[in-house]
Each structure stands twice: as structure tokens, then as C-alpha cells.
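Please look over the structure below.

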Amino acid sequence: MKKLFKSMIALLCAFLLVVPVLCAGCGESEKDNDEIELIDYVSSLTLDMTSNTKKQEVEVKLYIDGDTTHFDPINPTAEDREQFDKTQGYIKARYIAIDTPESTGAIEEWGKKASNFTHDKLASARKIIVESDTDKWDIDSTGERYVLWVWYLPEGATEYRNLNLEILQEGLARGSSTANNRYGEKANLALMQAQRAKLYVFSGEKDPDFYYGSAIPLSLKQLRCYASEYNTKKVVVTGTVVAQFNNSVYIEEYDVETGMYFGMPVFYGYTSGKLLEILSYGNRVKVVGTLSAFQGSYQISGVAPYDPFDPDHEDNCQIIEKDKSPAYVETEAKEIVSGNLDIRFIKEVPDSEPVVDTVKIEYGEAVTSTTVMVKDLKVTKAYTTNNGGKNDGAISLTCQAPDGTIITVRTEVLKENGVIVTQDRYVGKTITVKGLIERYVPNADKPDNYQYQIKCYQVEQIIIH
């Protein structure tokens, strides 16, 4: 009995000795997570204009997402201009050391937050400089994108800030070979701090800008007219594929109540296989994806790859009908350029009478991504893209309708019997155009400065009288 009592006393003493250690450990862990003192590593990093790296002052051409931006060079040297001419004359920048969540092709948690952060920093900057990691302009495996450090000078500041490092420090990106570069030590410290502080992508919390619900069934008319309400939401729509280019297809669907067609681009990114077979020209399809704003317009993106092991899964895109044709609705240029519509919707209200909701929308916005036919356009002038890129040969035709309305017809690179068709074929001629309505934004920093134009992607779509 005494032996048992002594054993119990020994165990109790051992337990009392261990408890403070465990508690101390708990307290320290809480401090690490909740009371960590954040260091601004970005302020301790300076841009050395005398280093042997390549540098170029730039301005934003196009915002893509959190870790990719397209820039136009400002006064490049002859040597640098020759290099940039090999990649369409501008700089597709893929940010070194970071990997932000997707917000274009795929839609991921915190992707929109990261994209907005990059946009806001660059849009408010007085100056922007891109820097290579070595003594040459390094290009990634695509052969088109430069891997770069992006530095910006905030309004009122005298020192540039490294945006790559700041995105890591904010917790808006995971690392991508973070330590293996010129600024690897600071980049790694910023990444580890964000992980310890459980910021954004490391928080384990839900992203308030990400939609976690099931797909909402909508008509393309509803999606087009109430786009801002459904932005970032997962939706399911039906429509006929009437065009395909730039990693997107364009779908349109007839609406009986208005007698109009409504449409939407579907960005499928770099996917392949069964999904592309489904999203083929002439197929009427069911599409499931996330509505997102891009370049001032809306598109459906984040389309899930087709699951062959579960063909009836609710997120699978599916073929409804085959061998459908574009509508090519005969339309006046004036309607596209400056027309307006009042579109009525009957809305069901629980435990009450239905109500009528009238949406005021620009005609061009309503029919964006649908096919139209516009007759008797006089081509007054033309411009052909020629900057060393894959779009060399694409033409912009300035056209005048019989009532004096000016409208632009933009083409892909048109070929006939393997030979590129030039602008000389059209200048001074009267044409009928069968194409796709698109919203064109010349300047990424001014999304409200836009126009509606007609896009043609086959030579047969421009008929000379």
C-alpha cells in the first residue's frame, strides 16, 4: 500500500512539473499567431539603378491578375526595343518569386483580393520600373512572358517599393522558387512572416469575395442585364457556341420575350480534352462557371474540366444540341454605337404578387458577344497591326453607315488560300459585315472609356459590294 501511495505521489509531481511547460508552450503559440510583430521587409529593400540587371520604365497596358501584368515600355533603348518587338512590342510580366491565386481562367479563393491589390498599387503609382533577375531579359517557358521584379513609386514617396515582395508580405501569394533569386533572402522572410501571421491565403478563413454556393441557373438575358449582381457567383447557362478565339468561346441564346439574342464569352484558358470537344463551334451547350469582370467586360471563367468518371456531375459542361448556326441578326450601326434599351423582367416575390423590374441597358452592352449583320458600311480608313507579334496582320476598319454613324470593324488575321488579306482590299469599298459585337477598352486604366465594335474572324464575314 505504501509503495502504491509513493507511486501515485511521484506521478502527481511529474504531472505538476509538466503542466507549466505545456501551458507555456500554449501561450507562446498564441503569441506567435495573434501577437506577432509584423516587419515591413519591403522598406528595407531598395532599387539599385547601377546594378547589372536589365531595367525599363513602363506603363500598364493591361491588368491580368495578381502576378501577371502587361506593360508598355517607355523610351526603351534600341537594343531593348528590338527585344520587345520579338514579343509583340510590349512586356508580358510574370512576377518573380510569387504565385497568387487564380482570378481569370480558374477562380480561386483570395484571387480577386490579390488581383485588386496589384491593380491598386500600380494604378496609383507615379512611376513603374520592371527589373530582370539577371543581366538579360529572361523569358519563361511560354516564350512570351518575361519573369520580372516590379517596382513602383507611390505618390509622394522618394523610394520605389518592390511589388513582388509586398504581395508576399501581405499574404496574397504562395512562394514560387522564392529563395532562389536576387532578392531571395528578403522574399523568403516576407513569405515566412505571412505564414506565421496567417494572413489571407494562409489564414484558413473563408474569402468574402469567393462564392462557395452551388451554381445558379440563369438565362443569358438575366446574366447580361444583372451582371453586377452575379459577379463572382457560380452560374449555369445555356447557349450556342458561335465563335472561338483567344482561349475563349462565345455563346448566344434567343430570348422569346424581347425577340433578341443575348451572349457571353466563356474563357476556358489552357484546358484541353473533352471540355474543348463540348465547347465546339455549332454546339448548343450547358456551361457551368464563375461570372467575372475582366478588362471592363464580363465573362464566364473558372469552367471546371469535364469529369469522365462522373459524366452526370452537375459541374460538367454538356452538349444539348449540335449543328446550330449563328443568328447574325440584321442590325443598324447606330443601335450598336449609341442605342439604349428598357428590358422588362417579371420577378416572383414570395407570398406576394409578381413585380415588374425594368433594366436600362445600352444596346451594345445587351448584345455584346452575339452575332450581327450590318449592311452598307463605307470603309473610310484602316489600320493594320504590325508590332512583331502573333496579331500582325489584324486590321481595324473605320466605317461609316448611310446615316453617318461611325463604327469600327476589327478583324483577326484574315487569310485566303494561306495568304494574309491586307487592308487594301477594303479601303474605299462598301461592305456588309457579319461578326461578333465586342466591347473595346483602349486604356486599361480607363475602363469607362470604351466603345462597341464588330469583330470578324473569317474573311467570309466581310462581303464587298
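## Salt bridges

How many salt bridges does a search of the whole structure find? The search finds 24. The model is a predicted one.

Lysine 92 pairs with glutamate 144, with the closest N and O atoms 2.9 Å apart. This pair links distant parts of the chain. Lysine 92 sits in strand β3 (residues 91-95), and glutamate 144 in the loop between β5 (125-131) and β6 (145-154). They are 52 residues apart. Lysine 92 is buried, at 11% relative accessible area. Glutamate 144 is partly exposed, at 28%.

Aspartate 138 and lysine 136 also meet in a salt bridge, at 3.4 Å from N to O. Aspartate 138 is buried, at 15% relative accessible area, while lysine 136 is partly exposed, at 48%. Salt bridges with shared partners join Asp40, Lys121, Arg161 and Glu166 into one network.

## Helix α2

Helix α2 spans residues 78-85, and its buried residues are Asp80, Gln83 and Phe84. These lie on the same side of α2, because they cover an arc of only 95 degrees around the axis. Ala78 and Glu82 are exposed on the other side.

Aspartate 80 forms a salt bridge with lysine 54, the closest N and O atoms being 3.5 Å apart. Lysine 54 lies in the loop between α1 (2-34) and β1 (55-65) and aspartate 80 in α2, so the pair ties together parts 26 residues apart in sequence. Both aspartate 80 and lysine 54 are buried.

## Negative patch

Glu332, Glu335, Asp376 and Asp403 gather in a patch of negative charge on the surface. Aspartate 403 belongs to the loop between β20 (395-400) and β21 (406-411). Aspartate 403 is partly exposed, with a relative accessible area of 48%.

Key: Residues numbered from 1 in each chain as written. Predicted model: local features only at pLDDT ≥ 70, side-chain atom pairs only at ≥ 80, totals over all residues. Heavy atoms only, no water. Patch = residues over 30% accessible without salt bridge, like charges linked within 9 Å, V, L, I, M, F, W, Y side chains within 5 Å. Areas by Shrake-Rupley, 256 points an atom, 1.4 Å probe, with all protein chains shown as cover. Salt bridge = Lys/Arg side-chain N within 4 Å of Asp/Glu carboxyl O. Lys, Arg positive; Asp, Glu negative; His and termini not counted. Charge placed at Lys NZ, Arg CZ, Asp CG, Glu CD. Helix = DSSP H or I, 4+ residues; strand = E, 2+ residues; numbered from the N terminus. Buried < 20%, exposed > 50% of the residue type's maximum accessible area, 1.4 Å probe, protein only. Arc of directions from axis to C-beta.
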